[in-house]
Amino acid sequence: MAALPPDDFDLLAPHLQRMSFGPDAVLVRMEEQFEHVYFPISGVVAFLVEMSDGHTVASTLMGSEGAVGALSVLSSLRSPVTATAYVAGSALRIPSSKLKYAFEQSAAVKHVLRLHLGTQLLQLQNVAACNAVHPVECRMARWLLELHDRVAGDVIQLTQEALAQLLGVRRTTVTLTMNKLRGAGCIKPDRRGLLNIERTQLEGIACECYGVMRGRIDRMCSQELSCEAGGNGKVSMRPSEA
Ligand SMILES: [Zn+2]
């Protein structure tokens, strides 16, 4: 939304409603229709794939850079994932029908949402490759860096279940992995069960995927958003008004 010219943002503004969500809040469930699209202002939302054997695995994370349910502008398909908050926060939400109307009316809205969906696809491809070849502690370090990017400060509150979902492993493996990361100085012990992030150490453990994904997304956004607003549907970055 911060990248939209004022006239295009005005298509959305009357329909935006501010709301807050707690940890574990479900914004949309797998196989349900998208009733709303959420633009997080703070907090972190995980996209979870629920398997028939009961396993739940996280595919991507989203914070204030994205829109939960943006896929609904392309089709009337039901949600392929469950979107659950890992970190409490707030969001602006809009009925998906209103966003779809703006998508069809505004070249700038269309351009920004296509770019956003493109960055999501890029992340999904990279996470799939990462899950196939990189060790569990390197993947955990990558996820923790991604969480750290989306919260204020260095302290994250995350359940064992959420950590297991990020890695697609049992809780015993989570415990062993977290012990390794603590031993490497990536996480400071905390009596309250919070994760005190030591970013520099985490960056030393994380697999290449963290930097690769970040670099590709930054390049994609800077290329696509560098053009001035105009009739070609391109937009320029401007400070967030959300
Ligand atoms: Zn990786």
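The buried residues of helix α8 are covered by parts of the structure that include α3 (107-133) and α4 (136-149); contact here means that two C-beta atoms, placed from the backbone, lie within 7 Å. This is a predicted model, in which local features need pLDDT of at least 70, side-chain atom pairs count only at pLDDT 80 or more, and totals for chains, interfaces and linings use all residues. Residues are numbered from 1 along each chain as its sequence is written.

Helix α8 itself takes in residues 209-225. Its 17 residues reach 24 Å from the first C-alpha to the last, close to the 24 Å expected at 1.5 Å a residue (the expected span is 1.5 Å times one less than the number of residues). Helices are DSSP runs of H or I with at least four residues, strands are runs of E with at least two, and both are numbered from the N terminus.

Which residues of α8 are buried? They are C209, Y210 and M213. A residue is buried if 20 or more other C-beta atoms lie within 10 Å of its own, exposed if 12 or fewer, and partly exposed in between, with C-beta atoms placed from the backbone. Because the three cover an arc of only 100° around the axis, they are on the same side of α8; the arc is that of the directions from the helix axis to the C-beta atoms. On the other side, G215, D218, R219, S222 and Q223 are exposed.

Now to the strands. In β6 (residues 82-87), five of the six residues are buried. Strand β4 (residues 44-50) pairs with β6 in the antiparallel sense over five bridges, pairing being at least two DSSP bridges between two strands. V44 has V87 in β6 as its bridge partner. Strand β2 (residues 26-28) also runs antiparallel to β6, joined by two bridges, and V28 stands opposite A83.
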